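Q: Could you walk me through this structure, starting with the charged side chains and then moving on to the rest?

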Amino acid sequence: MPPKRKRAENGDSPAEATKPKRPVRKMATAALNPATNSEIMDGPDALRPSPDSDIYDDVIGQKHQVKTEDPDDSQLSEVPEPEPTPAKKKRAAPKKEKAPAAEAKTESKRDFAVAAMTTKAALNKPSKSGTTGEERGDPEDDAFEDADPEEIKQALSRPPPVNSDYLPLPWKGRLGYACLNTYLRNSNPPVFQSRTTRIASILEHRHPLKDPSQPEHPIKNRPDKEQPADIRRGQEYVEQIALANCRDMIKMVRWNDRYNIKFFRLSSEAFPFASHAEYGYKLAPFASEALAEVGKVIAELGHRVSTHPGQFTQLGSPRDSVIKAAFADLEFHDEFLSLLKLPPQQDRDAVMVLHMGGTFGDKAATLDRFRTNYSKLSDSVKRRLVLENDDMCWGVHDLLPICEELGIPMVLDWHHHNIIFDNTKIREGSYDMREMLPQIKQNWDAKQITQKMHYSEPTPAAITGSQRRKHNPRVWSLPPCPDDMDLMIEAKDKEQAVFELMRTFKLPGFNKIGEVIPHTREDDNKPIRPVRAKKAAPKKKKGKNAEDEAEEDVVMEDAADANESTGVIPEEEVGMGGPDGRVYWPMGMEEWLRPVKRVVVKKDPADKKAPAKKTKAAIKAEEAEAGMTDGSIVDGESAKDDNASTAVEDSLASDTAPSAPPSATKAAADKKAKRAAAGLPTSETAGVTPSKPKASRKPAAKKVKKEPTPEDEEAAPSPSEMSDSEIEDRMEAAEKELHGKTPLKRQASRASGRAKAQVTYKEEAHSDVE
């Protein structure tokens, strides 16, 4: 494997550090949006309630271990080695031992509960696809799937917790949340500080863009791999992502201040791969100005910020590669917070929260290694470092002695304490812990740092210790801490969990919080796209230029009306909740923050398509063809019928009949034969001057048996002089002559308005009686 490249102070390789600087290429907004660019992702730690919320699932399961030829080549290749635990037994019905009658009843109830919990765990398992909880976006769900009957049995037999009834009200402290704001993350464009990317994307962006004169675009302007690579280009790509995260930090801090949230955890993933062994870099000078702007806003509003290095940053590991990576990560976090340039007290309060990590089979040896490595840290890192009790190995009684020995403040996590504690000295719950609060506070006061605590709650369905580690989306109470505490709420719903407490206990700022309107945002500037109005057909033809001008006038008027009615939201107000502060969504309703999904229903291929309706032109063409076969002469296009009744009847037939079946064609032919027999003009012969048939036309065959004499023609009235009723009588007589039977009574209404007026329900009834 090639040797590692030593990181230069400015983030360049030694060879690249001496090269002249060139303009930094800018990235378009679309290139920094995960919704439009798959190379930009959410940092996984920011999505969790806390970076350690699934630390021991990863540690025990070896889920994130990077496999390389040499395990020392990657800081992620090392994970703590937990104490050996006995293998889980196969799930089987617990065997009942013989017991006295008084204990048998209790044992039976416990076994029933164990069976019920085991069944529920089986029902909560994923589908046959085999996806894990982490792949579904919830790593802690695996704790429920792996529930063991014996573990459940032991959990059900533990003594109930003893909790304090003290509530720190009226509240004078600061509530906060970690890293991600769910409301701003669902804005358009999204606002969040944990954009990250892949190393493969960094390597790809070492190549120049296809069009260097234009900003990068995820589709239209991508890196050209055929061009030579430059390490500095890949570094600029990462820096652009980091600077976008810094800009969003300012927006998030101002958003928090509007709703009285004055405590915030900055994401460790705001600077992707900053502490990486090969791709790491210094934040100065490229981020110095951006972070100074962030610090200026924090200082102006009087907020507190902190950080929480990731789960692999451990100073008690027996492996040198892990210690080296931990030193680099702590130095990065210290530079991050130092570049904010906060006032003295706010700078002291900007701490880095760290876990002790694994025990590696020997707690005493792990503590010795921690002492040795802690002494090697820089003074700046030591001033910021604080330790937190965890929910797997290190409880309050394990950490407090070494914290007092080295002068390190200890962060009390109430949720972790209820899972890991020394049951020989203290009971589960918050009641006994209140007696230890003054002792914990001493180290904070000694360093003149404002004390902070962490609070979260397990899910209601949790029974075992591993299940209780899972954080509930919201919290419903406050711990019995001092009323001026800085309390970090570590919950999955982030800022919404803080809102829930504020609304429940009417804490300061609760009256500023309004409920969101489902799938509706009132604080976004959406692009106005004027709808083109349908232009009425002009009575007289106009010139082409005149038509274009009229259409442009309609569009411009629509756009002006839309701008006047909608208005433009100032940039500083975009995403801030609108005038009513609609930023709260009920638990489980995060989808309300997004537009309604359009569900596309696929048509079943088995369903037959309905036959398309025939147009009037097609129907007339078929009728004309049928008329030609009857011997009618057609010259040019189809002739118009002067007779009003015939025209109306033809139009009604074409409107009501979507298609012309064979029966309809036959009826039309019969109709024309009747009119010819009655001496009436047909639609093809009316108003047409007889002419010699064309060569391509066949001579019309006469179907009239007897030609009328000249005397008959003079005596017979012309069709134009006949009334509608007389025409009908002539047609009925012709039908008698042709078919030898009485014509059926017409069911359709008369075509003429005068004929309609002559027909009433009374007359029809009278005719029926007759």
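**Salt bridges and beyond**

A: A network of salt bridges links E39, E204 and R222, where a salt bridge is a side-chain nitrogen of Lys or Arg within 4 Å of a carboxyl oxygen of Asp or Glu. This is a predicted model, in which local features need pLDDT of at least 70 and side-chain atom pairs count only at pLDDT 80 or more, while totals for chains, interfaces and linings use all residues. Residues are numbered from 1 along each chain as its sequence is written, and side-chain values use heavy atoms, with hydrogens and water left out.

Q: How many salt bridges does the structure hold?
A: The structure holds 28 salt bridges. One of them pairs R185 with D42, whose closest N and O atoms are 2.9 Å apart. R185 lies in helix α7 (residues 182–185) and D42 in strand β1 (residues 41–42), so this pair ties together parts that are 143 residues apart in sequence. Helices (H or I, at least four residues) and strands (E, at least two) are DSSP runs, numbered from the N terminus.

Q: And D334, what does its side chain meet in a salt bridge?
A: The side chain of D334 meets that of R384, at 2.9 Å from N to O. Since D334 lies in helix α11 (residues 320–338) and R384 in helix α14 (residues 379–384), the pair ties together parts that are 50 residues apart in sequence.

Q: Are D334 and R384 buried or exposed?
A: Both D334 and R384 are buried, where buried means under 20% relative accessible area, exposed over 50%, and partly exposed in between (1.4 Å probe, protein chains only). In another salt bridge, D432 and R427 meet at 2.9 Å, again from N to O. There D432 is buried, with a relative accessible area of 14%, whereas R427 is partly exposed, with 42%.

Q: Switching to the nonpolar core, which residues touch the most other members?
A: In the largest nonpolar core, which has 101 residues, F271 and L283 touch the most other members. The largest share of this core, ten residues, comes from helix α9 (residues 231–258). A nonpolar core is a set of buried Ala, Val, Leu, Ile, Met, Phe, Trp, Tyr and Cys residues joined through side-chain atoms within 4.5 Å.

Q: What does F271 touch, then?
A: Leaving aside residues up to four places away in sequence, F271 touches several residues, among them A242, C246, Y281, L283 and F336. Contact here means heavy atoms within 4.5 Å.

Q: OK, new topic: what is the order of the strands in the open sheet?
A: The open sheet has eight strands in the order β5-β4-β2-β10-β9-β8-β7-β6, with parallel pairing, and two strands pair if DSSP finds at least two bridges between them. At the edges are β5 (304–306) and β6 (352–354), each of which pairs on one side only. From one strand to the next, the twist averages 30°.

Q: How many bridges join β2 to β10?
A: Three bridges join β2 (residues 174–178) to β10 (residues 486–489), and these strands run parallel. G176 has M488 in β10 as its bridge partner. Helix α19 (residues 495–505) lies across β2 and β10, running at about 155° to β2; axes are lines fitted to C-alpha atoms, for helices over the stretch in contact, and angles run from 0 to 180 degrees between N-to-C directions.

Q: What about K341, is it buried or exposed?
A: K341 counts as exposed, at 61% relative accessibility, and its place is in the loop between α11 and α12 (344–349). The phi of K341 is near 55°, a positive value in a residue other than glycine. K506 also has a positive phi, of about 50°, although it is not a glycine.
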